[in-house]
Amino acid sequence: TMKRLFSASRSSVDSKEMKKFQLLAHKWWDEEGEYSALHSMNDIRVPFIRDTLLNRSGSYHPGNPLSGVKILDVGCGGGLLSEPLGRLGALVTGIDPLEDNIRTADQHKSFDPILAKRIQYKSSSLEEIVEESVETFDVIVASEVVEHVADLEVFIKCCSQVLKPEGSLFITTINKTQLSYVLGIVVAEKIMGIVPEGTHEWEKFVSPEELERLLESNGFSVETVNGMLYNPLSGSWSWVESRSINYAMHAVKSGAGGQPSPPDTPLETGGEQHPATAGTT
């Protein structure tokens, strides 16, 4: 029964969103193109994921710090986040409902024999893999995805289903504020063209408070919420105190006994903090 919670009538996939990204499926790896901001986001989101997981595990594999960690990259697009996680040693499954995105990701992965062994891509929605993947993954990443799904609660429920107890869920998304509308849609899309016009719908943006409520009602404990800021002049991202535009969240699924796992504890690093986790709340 647990495997069949989600009927086809309740899907997180939005057909209108599919059509938007269909037109750009061949442009994922153009670092100066429509996805340039996602390329530069790797400079902060990859260390954030890596350091958070290392802090939780307390173990380290030189050269392959995430060796053996099973990661599900939901809405993987052309593989922009799957590939750096694979290079860190993780075993990555990237899923995306658009077949053209998966073709682009597969083609790019094929240039690196190591990545070809560590990453597999599937043209699939999250709901479609629930039945075959109950409590399969150590980590789920959903970066710049939740603001595009049709049913966020179904999406979160599915994440809980395929994640192991005490597994980590990483989300980056856009807050639902007046400032995010002005900067994220009016300026970024209509004036500066940082992302294609029509990429985002403000009504689908979600506040950290609402996202935390949804996560906690589905068996997650939110550990970290960090503000993120994109500088269009330098083309770079940075961590900021304010969460009024973009933010990153780390949540942990409750353990097998139904109890949340203990909070993150820092590694012994000689008094230094990892840059991605320094000053986090």
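Predicted model: local features only at pLDDT ≥ 70, side-chain atom pairs only at ≥ 80, totals over all residues.
**View A. Helix H7, a mostly covered helix.** Of the 11 residues in H7 (residues 152–162), 9 are buried, meaning under 20% relative accessible area with a 1.4 Å probe and protein chains only. Helices here are DSSP runs of H or I with at least four residues, strands are E runs of at least two, and both are numbered from the N terminus. The buried set includes Phe 155, Ile 156, Cys 158 and Cys 159.

Residues are numbered from 1 along each chain as its sequence is written, and side-chain values use heavy atoms, leaving out hydrogens and water.

View B. Eight strands line up as S3-S2-S1-S4-S5-S8-S6-S7, with mixed pairing; two strands pair if DSSP finds at least two bridges between them. S3 (119–123) and S7 (236–240) each have a single partner strand, so one side of each lacks a neighbour in the sheet. From one strand to the next, the twist averages 20°.

**View C. Strands S6 and S7.** S6 (residues 220–231) and S7 run antiparallel, joined by 5 bridges. Look for Asn 231 opposite Ser 236 in S7.

**View D. Helix H9 on the sheet.** H9 (residues 208–216) lies across S5 (163–174), S6 and S8 (246–253), at about 15° to S8. Angles run from 0 to 180 degrees between N-to-C directions, using axes fitted to C-alpha atoms, for helices over the stretch in contact; contact means heavy atoms within 4.5 Å.

Note on methods: Buried < 20%, exposed > 50% of the residue type's maximum accessible area, 1.4 Å probe, protein only.
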